[in-house]
Amino acid sequence: MKTSLVKTAFVKSLPVMAGYIVLGIGFGILLGEAGFGPLWAVLFSLFVFAGSMQFVGVSLISGGASVLVTAVTTLMVNARHIFYSVSMYDIYREAGKKKPLLIFTLTDETYSLLCDGKTPEGADPHAWRLWVSLFNYSYWVLGSFLGGLLGQIIPFDTTGIDFSMTALFVTVFVEQWTSIREHRPSLLGVGATLVCLMIFGQEVFLIPSMVLITLALTALRPSLEGGVLHE
Amino acid sequence: MSNNAHAMLLILTMTAGTMATRFLPFLLLGDKRQTPPFIVYLGKVLPYAIMGMLVVYCLKGVSLTEISSVLPAVLGVGITAGLHLWKRNTLISIIGGTVAYMLLVQLVF
C-alpha cells in the first residue's frame with residue numbers, strides 16, 4: 001500500500017522531472033556565473049522553490065538589489081501563486097500537518113498536476129499529493145545542484161528545452177478541454193491573458209490578467225454554476 | 001555588508017515573498033468550518049482558466065513579427081496538443097512536443 005502510493009506519486013511526477021532537472025541545471029549554471037557555487041544553488045532552491053523567480057533572483061543578487069526592490073519584485077512575479085492557493089483551498093484545508101508543506105511546494109507545475117483534485121483509489125489523498133509535491137521539489141533541488149557543479153560544461157545543446165514546461169501546460173489544457181463540455185473558463189483564461197498581454201506588455205500583464213479572470217468568473221458564476229461544470 | 005551576507009538576505013526576502021503569495025489565501029480565509037461557496041466555485045473553475053493563462057504566459061516571449069519565433073512555438077504547441085489528442089499519454093506529448101520544438105529552434109530556424 002505504502003510503496004504503491006509512493007510509486008503512483010512518482011509516476012504522476014514524471015512529466016515534471018525532465019523539465020525541472022534541466023531548468024534547475026540552467027539556474028545552477030546562471031548562479032555559478034554570478035559567483036555562487038552549487039551549495040548556494042541548493043540553498044536557493046530549497047528556500048525559494050519558485051522557478052521563474054529564481055532566474056530573476058540571480059540578476060537581483062548579482063546587481064546588488066535592495067531588500068525592498070527584491071521584496072516587491074518577488075510579490076509581482078509570484079502573484080499568480082495566490083490563484084493556485086485559492087484554487088486548492090478546499091482541497092488542502094483538511095490536510096492537517098501536511099498542509100504547510102503542501103502549500104510551500106505549490107509551484108506552477110505541481111499545481112498543474114494536482115489541480116484536477118483526483119487521486120488514486122485507496123491512497124491517502126493528502127499523503128499522495130505531498131509525495132507528488134516532494135518529488136517535484138527534489139528534481140528542482142537536484143537540478144540546481146548539478147547545474148552549480150557543471151558550470152558551463154553541458155554535454156549537449158539544451159536550447160529550447162524550457163518548452164517542456166509549456167508542453168506540460170498544453171497537455172493539461174487539452175486534457176481539461178476534452179473532459180468537460182463547458183469551455184468558457186478555458187477560453188476566458190486564454191483570451192483575458194492575451195488581451196492583457198497586448199494592453200499591458202510582457203512585464204506586468206499577469207496581475208491585470210488575474211483580476212480580469214476573477215471578475216469575469218464572478219460575472220459568469222450564475223450561468224456556470226447552473227450545472228454545466230460536471231465531468 | 002559582505003557580498004555573501006547580502007545574497008543570503010535577498011534569498012531570505014525572496015523566500016518570504018514567495019511564501020506570502022502561497023500562504024496568503026489560507027491565512028485570509030483562516031480555518032473556517034466550511035469553505036465559503038465562492039471559493040468552492042473558484043476552486044472548480046479556476047483550474048481551467050489558469051491553465052489557459054499559463055500557456056499564454058509561457059509563450060509571452062514569442063515575437064509575432066518574426067516567423068522564426070512564431071513557427072516553432074505554433075508547431076511545438078500543435079504537435080504537443082495533437083499527440084495528446086491522439087495518444088492521451090502526458091509523457092509522450094511532452095517529450096514529442098519538446099523534442100520537435102528543440103529541433104526546430106536549433107536546426108531549422
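What share of the 109 residues in chain B is buried? I looked this up and got 42%. I call a residue buried if 20 or more other C-beta atoms, placed from the backbone, lie within 10 Å of its own.

A note on conventions: I am working from a predicted model, where local features need pLDDT of at least 70, side-chain atom pairs count only at pLDDT 80 or more, and totals for chains, interfaces and linings use all residues. Residues are numbered from 1 along each chain as its sequence is written, and chains are lettered from A and ligands numbered from 1 in the order in which they are written.

Next I checked the fold of chain B. I found 4 helices and 0 strands (DSSP runs numbered from the N terminus: H or I of at least four residues for helices, E of at least two for strands). From the N terminus on, the order is α-α-α-α. The radius of gyration of chain B, over C-alpha atoms, is 21 Å, well over the 13 Å from the globule rule for 109 residues, so chain B is more spread out than a compact globule. That rule is 2.2 Å times the number of residues to the power 0.38. Along the principal axes, the C-alpha atoms of chain B fill a box of roughly 50 × 50 × 30 Å.

Then I turned to the partner chain. I see 58 residues of chain B in contact with 71 residues of chain A (contact: C-beta atoms, placed from the backbone, within 7 Å). Helix 2 of chain B gives the largest share of the side that touches chain A, 20 residues.

Terms used. Contact = placed C-beta atoms within 7 Å. Buried ≥ 20, exposed ≤ 12 C-beta atoms within 10 Å, placed from the backbone.
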